[in-house]
Amino acid sequence: MSSGYRFSFGPWNIHEGADPFGPMVRSTVDLADKFKVFKDHGFDAIMLHDDDIVPDIDSKSASQIEDEAKAYRQLLDDQGLVAEIVAPRLWEDARGIDGPLTSNDLAARQWGIDRAKRTADLGDILGTDLLVLWLAREGTYIRESKNALDSHRYLIDSLNAILEHHPKIRIAIEPKPNEPMDQMYIPTIGHVMGLAHETVDPSRVGGLIETAHSQLAGLCPADDMAYALSLNKLWGVHLNDQNGMKYDQDKSFAAANLRTGFNQIRVLEAAGYKDIGMVAFDVKAMRTQKGPATSHLPNSKRIFELLVERVRSFDQNAADQCIANRDYEALELMVMEHLLGAS
Ligand code: GLO
Ligand code: MG
């Protein structure tokens, strides 16, 4: 039986295996073959950066961008796929080297804002009103290099510029505490919520929580999700996993922390998230995997669906009894037995 969730991933989740210590180890998978992964494994939607839709977007005219975006939309329609989100890729261009939104260079800040506005417009063509803003380089390598008070003002100004440019777009900010920067601004979902409320339209600014990003901040992703859900502000999730506080690993969902995976789904289930947003997997194949290396995506989905079953078959009445008796030792054993298939 279907779990009722809708699933998504991004083209970057199928990659060639380069890491900071070594080059690519697999050949590039064509877009058509990536589409096949969506179809073969029951994914409903795709996450897109602006330059996934229009490569070399900065070098193209407005009409070229529109034509290419329409052609991409046609491609998706032909596949029966929808775009979950659009996202400006602000961290690869030289103008984004120190921001761009919190750069000390006014021209770089303006470039970042313009690119985000154009991404909002691409959403119209691709059929989504959700723009994800991962603030990749909005932070510092050394704190003395920027004025943090100014930086926060710049972030609010940028959000306002996007909101004022596009009357419908909703912005989901994806917080992360580090990587690529030493320390990033807006490291947690709490920071996202505070920032949202300083904008001209707080109702159109929400959050996207990635499991690994919460873990990198030393926080519980299930609690972070519950916090955002309680404020009606969880507009997307990037499920994956992370083995401790180190580099961003993007492991298959729940592969390192099964119980945390169970608890994330408990929260999503309790809040009826399946009717609110999609389940996206922001996962990376192991570098050791031979090409084309796509199984981490259906594997994450399979683990997710198995855990949904575990959550739905959990005996909540028996758990409530343990809670009423304040017998959390018994409750913990119940959870572990259930996860281990002993109930
Ligand atoms: C990296 C982020 C990245 C974003 C994506 C969407 O740590 O998780 O993958 O989710 O670029 O903008
Ligand atoms: Mg992510």
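Tutor: Helices (H or I, at least four residues) and strands (E, at least two) are DSSP runs, numbered from the N terminus. Asn 232 is in the loop between helix H8 (221-230) and E9. This is a predicted model, where local features need pLDDT of at least 70, side-chain atom pairs count only at pLDDT 80 or more, and totals for chains, interfaces and linings use all residues. Residues are numbered from 1 along each chain as its sequence is written, chains are lettered from A and ligands numbered from 1 in the order in which they are written, and side-chain values use heavy atoms, with hydrogens and water left out.

Student: Why is Asn 232 called exposed?

Tutor: Exposed means over 50% relative accessible area, buried under 20%, and partly exposed in between (1.4 Å probe, protein chains only). Asn 232 has 64% relative accessibility, so Asn 232 counts as exposed.

Student: What is the phi of Asn 232?

Tutor: About 55 degrees, a positive value, although Asn 232 is not a glycine. Most residues other than glycine have a negative phi. Asp 250 also has a positive phi, near 50 degrees.

Student: Is Asp 250 buried or exposed?

Tutor: Buried, because its relative accessibility is 8%. Asp 250 sits in the loop between E9 and H9.

Student: Where is Asn 257, and what makes it partly exposed?

Tutor: Asn 257 is in the loop between strand E9 (234-239) and helix H9 (258-270). Its relative accessibility is 25%, so Asn 257 counts as partly exposed.

Student: Which residues does Asn 257 contact, leaving aside its neighbours within four places in sequence?

Tutor: Contact means heavy atoms within 4.5 Å. Asn 257 is in contact with Gln 215, Asp 241 and Gln 242. Asn 257 and Gln 242 are 15 residues apart in sequence, and their C-alpha atoms are 7.7 Å apart.

Student: What makes a pair of atoms a polar contact?

Tutor: They are N or O atoms within 3.5 Å; within protein, one must be able to donate a hydrogen and the other to accept it, and residues adjacent in sequence count only if both atoms are side-chain atoms. A polar side-chain atom of Asn 257 lies 2.9 Å from the backbone oxygen of Gln 242. The side chains of Lys 146 and Thr 102 are also joined by a polar contact, of 2.9 Å.

Student: Why is Lys 146 called buried?

Tutor: Because its relative accessible area is 6%. Lys 146 lies in the loop between strand E5 (139-140) and helix H5 (148-165). Among the residues it touches beyond four places in sequence are Asp 98, Arg 137 and Tyr 185.

Student: Which residues surround ligand 1?

Tutor: A residue is near a molecule if one of its heavy atoms lies within 4 Å of it. Those around ligand 1 include Trp 12, Lys 176, His 213 and Asp 248. A polar side-chain atom of Lys 176 lies 2.8 Å from an oxygen atom of ligand 1. For the side chain of His 213, an N or O atom is 3.2 Å from a ligand 1 oxygen.
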